[in-house]
Amino acid sequence: MLLDPRTGRPLAASGEAVPLTGVDVPTLARSGTADIAPRLATPVGAGARLLFFARVAVPAVSAADRNQDHARGPVREQGEGAGEFLLVVSEEVAALTVHGGGRTGQIVDRDGKVLASSAATGAALPPDTKDRALSSAAADAGHTGDASGSMLGDGDDGHDGLRRVAGWASVAGVDGEDDTSDLGLTVLTFRDVPPTKGGADHTRFAMTAAGALAVIAMLVTLVLWSTVQRPLLRLYLSAARLARGADGRPEAREELARPVPAGAFGEPGRAGRALESIRRQLLGEAGPEPVRPTRRRPGLRSLVLVCALVIAAWGVPLLFLLNRVPAAQAAPQAVVADQQARTESAADRVRQSLGQSYTDLTAMASAIAGVPRERATELLRRERADHPTYRSLYVLDHTGAIVLRVGKEPLRASGPAPSDNGITQVNTSGKTPAVAAYAQIKTAKNDKAKNDKAKNGKAENGKAENDANVEDTAPAVVVAEIGVDTLNDLVARSGLGRVWLTDERHRVLAASVRFQAFQALPSRGLTRLAARTDTAPGGAGSPASAVLHGGRAPGQGPSVAAAAPMAQTGPAAALGWRVVSAKPAAALKLAAYELQAHTMLAGLLALAMGAACLSWLHIVVVRPLRTLTGCAERLAEGDRRTVLYPVHHDECGSVTRSLELLRQALVERDRGAEAGAAAAPVPPLHSGSAPSR
């Protein structure tokens, strides 16, 4: 309907009546904004309508043109500034496209009134009492500042015991400042689902695992105390006692009288036997003697390794074996169906976007038909500014050459121009996938030229007019290329996991994750799932879903996957594209996977703590004790030149200091023995008969 902006009087109308009750047209026309926000009208006895407004500027009409055509409707005189009108378009609030069996979708106004309702099968549903309660709750929640959410409805009174689960989202832009924010609309979807059954009680398993871990910890602690810590303390006391007895004082010599108790295992036993040999050497009972075993025996490192294996025997089954559940059994069928429905919704979103681009491009082709080149270029610039999704917008002549272009360099390869309208894939290789919508531009012969020829009374009007039409019609095509960034934004959906848009050969064109153009899908399972949606040429295809097992790569667990054809009808149907999604089953917060995650966490913590403790024991105790044992054995075997320096300030360091004192005492004893041997008198020669001459 075309309205007079000053009075609101209708000037022209087409189609059904536009409900303008409660709309102040003059006030809207006098508003300072260039664009008028849409309004929601709810006439009595009719469905809700959306009203869209646009300012229309019409050039002033001269008297000569007005006399030629009196059927153009009421216009204002030239010079009155009367070329501005208000165009109003009324549209019924359309029902939602709902995917997935058992789902219902509604559009609700700010008062909780259901404006449109539809089921997954496409049939409109009358709202019942439960629906009204959910609709009111969703409308109230939408006006509290939350953009989206979910809620739990009442249970079913029947024998099925179903419970209604709903999700809602406000119809508004991301920033909340677009034209739809003031409408107060809310989208509500719900379905009846069976209640979740109580999970199995795993308390007994947890207590058994905890008890086994406690027993293992106590056993490992006892073994390490009896074989490492206690012998090391005895070794420390014995070395300190020998060091006190080696200072040469008479009262200290009693410390050397007691033998050194030697342990029976590993490095403490070897070090004890070396100290016993040093004690005997200090007493003069023996000289340097070999104390190293002739055959290598297990030491403390072997003991630490055995303790690690015992801890691993508890942690590895928890990490890899226990509480594992097949993915197909853990993921309920409702979850798989929901993944498929959301994948269909994502495919429908891509289809609608491409279809809208195609529709807008068709209107653009009609707008630039027969206009001068400068005007056509301006229209192309305006169209691309209104559609940021267009990476390039250009016009081809009948040979395929680009005659007008705005935007980036086209990705289209050279070739003849298309002969029809549609959507096509621009390239099949390269770094940047792109899709293009194209529409024919057909210019007819100028009406004014027709009138002039008719006035001149040309006899050959028939054939000459046809020839003129052919010559005056310039075959051309307007093309809009849509880049990969737009496709990536279209397929990305929150909570859907990883999403890919593939061509008819299942090569990736766009994705919600990082990808390489025209690569294959990440796994064969996804490729086979996408192939299940293929049909014979001309067929529509059907969605498919499955639970896929993880691949061989680390971190790839089971996932709930789905694939859906992008379009079954419309201009994009011939592309043969597919939308494929995969969501890790562990991210679904299912009871089975939560138990598996907790079990794996317990095993991982046990292995990590065991590895950390045993590594610390090896670095702080075992390795210094092995070095200490080697020093004691070399000293017992007669090495008096190597000076022993303590490195650690613990028992091993104290034993090392005691060994250095013993080494010095042995050196002094050896020097005294050598000095005594040098000072001893030389025995005289025995007398006898003189030698014969």
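Begin by selecting Arg 342, a partly exposed residue with a relative accessible area of 27%; here buried means under 20% relative accessible area, exposed means over 50%, and partly exposed is anything in between, with a 1.4 Å probe and protein chains only. The model is a predicted one, in which local features need pLDDT of at least 70 and side-chain atom pairs count only at pLDDT 80 or more, while totals for chains, interfaces and linings use all residues. Residues are numbered from 1 along each chain as its sequence is written, and side-chain values use heavy atoms, with hydrogens and water left out.

**Stop 1: around Arg 342**

Arg 342 belongs to helix H8, where the label follows the scheme that helices (H or I, at least four residues) and strands (E, at least two) are DSSP runs numbered from the N terminus.

**Stop 2: H8 against H12**

Next, select helix H8 (residues 333-367) together with helix H12 (residues 484-491), whose axes are 9 Å apart and which pack at an angle of about 140°. That angle makes H8 oblique to H12, because angles under 35 degrees count as roughly parallel, over 145 as roughly antiparallel, 65 to 115 as roughly perpendicular and the rest as oblique. The axes themselves are lines fitted to C-alpha atoms, for helices over the stretch in contact, and the angles run from 0 to 180 degrees between N-to-C directions.

Which residues of H8 and H12 meet? On the H8 side they are Arg 349, Val 350 and Ser 353, and on the H12 side Asp 489, Leu 490 and Val 491. This contact is made up of three nonpolar, one polar and two charged residues, where Ala, Val, Leu, Ile, Met, Phe, Trp, Tyr, Cys and Pro count as nonpolar, Asp, Glu, Lys and Arg as charged, and the others, Gly among them, as polar.

Stay with H12, which is mostly covered, with six of its eight residues buried: Val 484, Thr 486, Leu 487, Asn 488, Leu 490 and Val 491. To see what covers these buried residues, show elements that include H8, strand E14 (435-441), strand E15 (476-482), strand E16 (498-502) and strand E17 (508-511).

In the loop between E16 and E17, select His 506, which has a positive phi of about 65° although it is not a glycine. With a relative accessibility of 13%, His 506 counts as buried.

**Stop 3: the nonpolar cores**

A nonpolar core is a set of buried Ala, Val, Leu, Ile, Met, Phe, Trp, Tyr and Cys residues joined through side-chain atoms within 4.5 Å. The largest one has 44 residues, and Leu 354, Val 478 and Met 566 have the most contacts inside it. H8 supplies the largest share of this core, eight residues. Centre the view on Val 478 and, leaving out residues up to four places away in sequence, you will find that it touches residues including Leu 361, Met 364, Leu 380, Tyr 394, Tyr 438 and Ile 441. Apart from this core lies another, of 43 residues, among them Ala 271, Leu 303, Trp 314 and Leu 625.

**Stop 4**

In the loop between helix H5 (266-283) and helix H6 (300-320), pick out Arg 292, which is partly exposed at a relative accessible area of 41%. Not counting residues up to four places away in sequence, Arg 292 touches Gly 630, Glu 633, Arg 634 and Glu 637. Arg 292 and Arg 634 are 342 residues apart in sequence, yet 8.9 Å apart in space, C-alpha to C-alpha.

The loop between H6 and helix H7 (327-330) holds Asn 323, a residue with a positive phi of about 55° although it is not a glycine. Asn 323 is partly exposed, with a relative accessible area of 22%.

**Last stop: the whole chain**

Finally, zoom out to the protein chain, which has 15 helices and 20 strands and in which buried residues make up 38% of the 693 residues.

Definitions and conventions: Contact means heavy atoms within 4.5 Å.
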